[in-house]
Amino acid sequence: MFVQDLRNDFYRQLVGKRILIVVNYDIDAICASRILQALFKYDHMLYTVVPIMGVTGLKRAYGEHQGDVKYVLLVNCGGCVDIVELLQPAEDVIFFICDSHRPLDVCNIYSDRQVCILGDPSLEESIPAFESIFYDSEGEDEDDDDGDVGSDQEQQNNDSGAGESDQEDRAPAAQRTTKMSRLERHEQRILKQRARRQWELERDRIMFEYTQFSYYGRSAALLVFELAWKLSKDNMDLLWWAIVGITEQLLLGKIESGAYTLELEQIQSHVSRLTNKTNDQNTMSASKISFENDLHLVLYRHWPVTESMRYSRYASCQLKLWTLRGEKRLHELLLEMGLPLVHARQTYGAMDLVLRKEFYSMVERLAEKYDIPDIVYGTFTLSYGYRSRYAAADYVYALLSIMESVKKHKTPEDCFLEASDALSRQHKQLLTAGIEQAKLLHAAIFRQVQSSLEARQVHSAGSFFYYVLQEEHAFFSYPYALALLARFLLRGHVATSRARQAPDLPLIASCPLDAAQGMCLLVGIAPVREDSPRTFFGKAFEQAAQKSGVALLQDFFEPAVVQLRQSDLTRFLDALTVLLT
Amino acid sequence: MSRSNKLFGDKAFDLLKELERSSQTIPAFDDDGVRQVLEEIKAIFEENVAQASTYNASGDRSLWPLLNFRHAALQRNKRCLLAYLYERCKRIKALRWEFGPIIPGDIKQSLCEPEVHFFNNYSKSLAAYMCSAGYNQGLPIDLTNNLRPPKSLYIEVRCMEDYGKFELDDGEVIHLKKNSQHYLPRAQVESLVRQGILHHIA
């Protein structure tokens, strides 16, 4: 069931109740949950926030709180699985789902009461009609008994001859249709069964088409922010969190650039409205969000320009900065920009003020010439106080690396909570530490890409590339970091590869997760030329696993991220090759 | 004039410094130190008494400054001792507000017998006062509940360890598990916060 009027049908329902908020491990979800927490605080509603990772985590978290809560809110998780089936909740428990993963599970969509999906059904694409996927067993008079039984059994009945099944049905059938002759009844049954089988085939086709591609819907943070706006409880902080949420979608390729631009306009109107509303003139305390065109350079406000250029995926791959020639080209670019190397090599903040002011226009002017036109994009920056100025992307990268900085003494939950803390302005030191951590991560990614490309470790399997990291890695054993690495690698490989179809091929990267258990992590990355966030990996992985008989752990809510045994990897990749050709 | 190279009053001063420096809520009662100071006082007093009698007998004015000096040292020792005891008493009082009417075991060890007695008396009179203060409502008011005036009725807390189920006054059962975050009524979770099971997020 979709809930469109969030204010009346969602928020008002909850006021005064206790609620369990289950949050997935991603930045959009963190931002959304922070906004929700702020709202619930205004209304003095008791809540409990539990971070979870994957389907098992969701089950465990619900199991622990079962019986105590009547309202469960799932943020960026659970939309794509049949919640009622998975959690077996009591009758009076109501789930609200705020999930940007698509496609949504049809059982959730057509649940009439227990599962409410926050969002607008008109924005959803091609949801199969109810009649075409659910069999109306009440309409059947005769098949009443086996209407609910799985289709397998029914087919068995069919194969073994009508006589048997006829005997089963004799008692009720005899009462009703005494007039019909045995033959007529038999004929009718067969016709009905055929129609039923056809309907099932049709249903399977529809369902396949519906679930074939996985993609992402609107950012959950933005959705929740709009709720806050409708409740007139929005402020600068909430808006900033929403912006961080949608920027994460952009940076991780979860949203098309067209859709992003459309959202930008809306956000801009929020920004100007809130800026006018707050009349805080004090520079020290006032926070200011401003829209501006910015550069797709990683953390360049906190890094030397050369480093930032080198470690940014787009610039680096277009200029091939890992090669000697690329390095020369970078120097050429800096020369033409008129940026002295002395300045380019020190932290951005320490650069000459004039250069700093002109930096953006200098890059923009030369973007065409150096074949990096897409380096410019519209985004928001947050400034407060005299020194702190952050782009939304800085926040995203910092939070990502905080979230994946799991160490011996730091559990994933600790990292999650730290990332959630880093969002608020009071914990600036956490954010600064996160930015430092992000620098390390990006430098590591670059080095890995460089060495992998030089050693030609990206192999082609005909219809896709694959890349296998052999050893457990401090950075890349986590889904997001591995995905970042894989995207960089794919771009880099395509930039150097001579093959014509290279930009159309996806990449599958794998990294050992846990040496002791022999598990490894597998991510699929969409081809470079593909702009839309649709991927078929979820379904493809599932089928390849079925065909090769490999046990696959599709525990993450990201469909393109799976776990499997290291020893099964080759078998799995072979099956995938067969499947995709 | 002193027999050792230590000055008068040093020991008493050390006693205070020690108390000031210690990071514990209350360091162990320094029996030995107090006894040494007392001995010093006694020694000074006896010397003074002896000299005072000779002064009385001889009327030698040259003894006069020495007598005064010793007397000042004696007074200072006394003041230090009193300060030491008073500071401890203050901390014991604070203890009552923080931990309630029962002294935690590890702290009890560092108190001496009269101090425990003082604590009990203090606790008793505080309880009596709280009973009388709430007389009009018929219920005693627990003054130790809100040491700082609360800003809001509810607080946001993060669970630091697995605690299990926790029932609120209105019957809501809350499962407190490590690393979960909750928004709960302040009055009911304050004791858990003080125990360190929950961490208050500002």
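The structure is a predicted model, in which local features need pLDDT of at least 70, side-chain atom pairs count only at pLDDT 80 or more, and totals for chains, interfaces and linings use all residues. Residues are numbered from 1 along each chain as its sequence is written, while chains are lettered from A and ligands numbered from 1 in the order in which they are written.

**Stop 1: the domains of chain A**

Where they meet, 21 residues of domain 1 of chain A are in contact with 22 residues of domain 2 of chain A; contact requires that the C-beta atoms of two residues, placed from the backbone, lie within 7 Å.

Next, select helix 2 (27–42), helix 11 (236–251) and helix 12 (257–277) of chain A, the elements that each give two or more residues to the domain 1 side of this contact. Helices (H or I, at least four residues) and strands (E, at least two) are DSSP runs, numbered from the N terminus. Helix 11 of chain A supplies the largest share of that side, nine residues.

**Stop 2: the domains of chain B**

Now select residues 151–201 of chain B, where UniProt, in an unreviewed entry, places the feature "domain: DNA replication complex GINS protein PSF1 C-terminal". UniProt positions are given here in the numbering of this structure, feature names are shortened, and annotations may be inferred rather than shown by experiment. This stretch of chain B is 20% helix and 43% strand, and its end C-alpha atoms are 13 Å apart.

**Stop 3: where the chains touch**

Show both chains together: 15 residues from chain B and 17 residues from chain A take part in the contact. On the chain B side, the elements giving two or more residues are strand 1 (154–159), strand 3 (173–176) and strand 4 (181–185). Strand 4 of chain B gives the largest share, four residues.

Which strand of chain A pairs with strand 4 of chain B? Select strand 3 (residues 47–52) of chain A, which pairs with strand 4 of chain B in the antiparallel sense over three bridges; pairing requires that DSSP finds at least two bridges between two strands. Tyr47(A) stands opposite Tyr183(B), and Val49(A) stands opposite Gln181(B).

**Stop 4**

Is strand 3 of chain A buried or exposed? Six of its six residues are buried, so strand 3 of chain A is largely enclosed by the rest of the structure. A residue is buried if 20 or more other C-beta atoms lie within 10 Å of its own, with C-beta atoms placed from the backbone. In a regular strand the side chains alternate between the two faces of the sheet. Here Tyr47(A), Val49(A) and Pro51(A) lie on one side, and Thr48(A), Val50(A) and Ile52(A) on the other.

Leu20(A) stands opposite Thr48(A).

Finally, select helix 19 (residues 412–422) of chain A, whose buried residues include Phe416(A) and Leu417(A). The buried residues of helix 19 of chain A pack against several elements, among them strand 3 of chain A and strand 1 of chain B.

Methods: Buried ≥ 20, exposed ≤ 12 C-beta atoms within 10 Å, placed from the backbone.
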